[in-house]
Each structure stands twice: as C-alpha cells, then as structure tokens.
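Subject: Structure handover

Hi there,

Here is the structure I promised to send over. Please have a look at it first, and then read on for what turned up in it.

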Amino acid sequence: MSIVTRLPTASPPVRDEAAAFRAAFRHLAGGVSVITTGAGEDRTGLTATSVASLSAEPPTVMFGLNRTSSSYPTLQRYRTFGINFLNAAQKQIADRFAGRNGEKGAERFRHAEWTTAVTGAPLLVGALASLDCEVEELIERHSHSIIIGRVRAVRFGADEAALVYWRGDYERLGWMADEAAAALGLRAL
C-alpha cells in the first residue's frame, strides 16, 4: 500500500515514496542554518533547514542529521556544535556547507569570519544569530540521528533579511538593513 496520494487536481502520483516525501517537504519553507562542529583543521559543518526549538527553559534545540554525513563522526567526538542562522546575503556560505562545489571539512570555513563562545564550537560572524550548543542526546532513528543540544550562549548579528529554503532553492525573506533605511528615506550618519 502506497502512502503517496494526490489531490484530484494535482499531477499523477509519484511511485518512489522517498522522492515524494522529499518533494513534499520542498513546499515547506524553512530557515537556512549552517551547523558547525570541531576545531582548527578538524572543523566541519553542514547546511540544514531542519533546526527547531525544543524548549526555552532550559534553552534546547534539535535537528536531524544523516548518520552517513561526514559531519556526524566529528559531532560525536566533540559533542558541541554551533547553529548559525544565515541572512539573505550568505547564500554562498549555505552552498559551501552543502558541499555544492565539493568543499569538505575545514575548507567550508574559508571566505567567512568565525568566532567561538562557551563550548568552542565555530560561530559565524555576521549571522542573524548563532547558538553555541552542547550535545545533550543523540537519538538514532532510521538513517538519521535526532541531535538534541543545550544552548550555552547566544550571539546576535545585524537585523537583516533571512535566507530561506523553499521549493528546492534559496529565497529571501524581509529586507536587508540598507534597503529598509533607503525605503524609509534614512541616511547613514
């Protein structure tokens, strides 16, 4: 029995359930984050849209990570990670951490400025916000692990437009600070 069904006005059903599942989730817009882990030349990371708040008291987050990801062993070893919410001007960083041009490991960190906070996990300077986290629990399910992390520090960047992922591509949500100032007729001091 197939779990894939379509509304009467849609195209014919897709036979591959995994492909249909992925296609369905491309219709759910999500914020784009870069998740980072490791230190020095042993740093790595990935682009993710599956980041979610789990609890505000205590501040806790979660995301899904494929266990075959090259970042998974590093995350298991260090047990710390950064979540960096990307702004609309950081599409190239999202592409790099997605490995679109073959970058791996510490190579993905080039051409951006990084800092650390409490745990030592890499945090992106200029991100909308960055969360410095410790792994609280790894829950293995099917091909992925659910990573639950306790937030140890929060850093804020400029109030810019957000980078979102929708229908298989990056989009922008909101205005960049300079555009908002120009639209309001404000000038820099």
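Let me start with a pair of charged side chains: Arg-77 and Asp-42 form a salt bridge, with 3.1 Å between the closest N and O atoms. Arg-77 belongs to helix H2 (residues 72-78), while Asp-42 sits in the loop between E2 and strand E3 (44-48), so this pair ties together parts that are 35 residues apart in sequence. Asp-42 is partly exposed, as its relative accessible area is 30%. Please keep in mind throughout that this is a predicted model.

**The other salt bridges**

How many salt bridges does the structure hold? There are seven. As a reminder of the background, side chains of opposite charge can pair when their charged atoms come close.

One of these bridges joins Arg-152 to Glu-134, where the closest N and O atoms are 2.8 Å apart. Arg-152 lies in strand E10 (residues 144-156) and Glu-134 in strand E9 (residues 129-141), so the bridge ties together parts that are 18 residues apart in sequence. Both ends are partly exposed: Arg-152 has a relative accessible area of 40%, and Glu-134 has one of 31%.

Another bridge brings together the side chains of Arg-100 and Asp-95, at 3.6 Å from N to O. Are its two ends buried or exposed? Asp-95 is buried, because its relative accessible area of 13% falls under the 20% cut-off. Arg-100 counts as partly exposed, with a relative accessibility of 47%.

**Glu-137 in strand E9**

Strand E9 also holds Glu-137, which counts as partly exposed at 41% relative accessibility. Once neighbours within four places in sequence are set aside, Glu-137 is in contact with Ile-146, Ile-147 and Ile-148. If you want a distance to check in your viewer, take Glu-137 and Arg-150: they are 13 residues apart in sequence, and their C-alpha atoms are 9.2 Å apart in space.

Leaving aside neighbours within four places in sequence, the contacts of Thr-37 include Asp-42, Ser-71, Leu-75, Tyr-78, Phe-81 and Pro-122.

Which residues line the largest cavity? They are Ile-35, Thr-36, Thr-37, Gly-45, Leu-46, Leu-65, Ser-71, Leu-75 and Phe-81. E2 and E3 are the elements that give two or more residues to this lining, and E2 provides the largest share, with three residues. By class, the lining has five nonpolar residues, four polar ones and no charged ones. The space inside comes to about 40 Å³, and a search of the whole structure finds one cavity of 30 Å³ or more.

**The largest pocket**

The largest pocket holds about 1400 Å³ of space. Its lining counts 35 residues, and the closest to the pocket centre are Arg-22, Thr-49, Ser-50, Gly-64 and His-144. Two or more lining residues come from each of helix H1 (17-25), E3, strand E5 (59-66) and E10. The largest share, five residues, is from E5. Sorted by class, the pocket lining has 16 nonpolar, 14 polar and five charged residues.

**The chain as a whole**

For the overall picture, the protein chain has four helices and 12 strands. Its C-alpha trace spans about 60 × 50 × 40 Å along the principal axes. Of the 189 residues in the chain, 35% are buried. Among contacts between residues at least 6 apart in sequence, 61% join residues at least 24 apart.

That is everything from my side.

Key
Residues numbered from 1 in each chain as written. Predicted model: local features only at pLDDT ≥ 70, side-chain atom pairs only at ≥ 80, totals over all residues. Heavy atoms only, no water. Contact = heavy atoms within 4.5 Å. Salt bridge = Lys/Arg side-chain N within 4 Å of Asp/Glu carboxyl O. Buried < 20%, exposed > 50% of the residue type's maximum accessible area, 1.4 Å probe, protein only. 1 Å grid on protein atoms, 1.4 Å probe; cavity = no way out; pocket = protein on both sides within 12 Å on 5 of 7 lines; lining within 4 Å. Points joined across faces, edges and corners; volume = space filled by probe spheres on them. Nonpolar A, V, L, I, M, F, W, Y, C, P; charged D, E, K, R; others polar.
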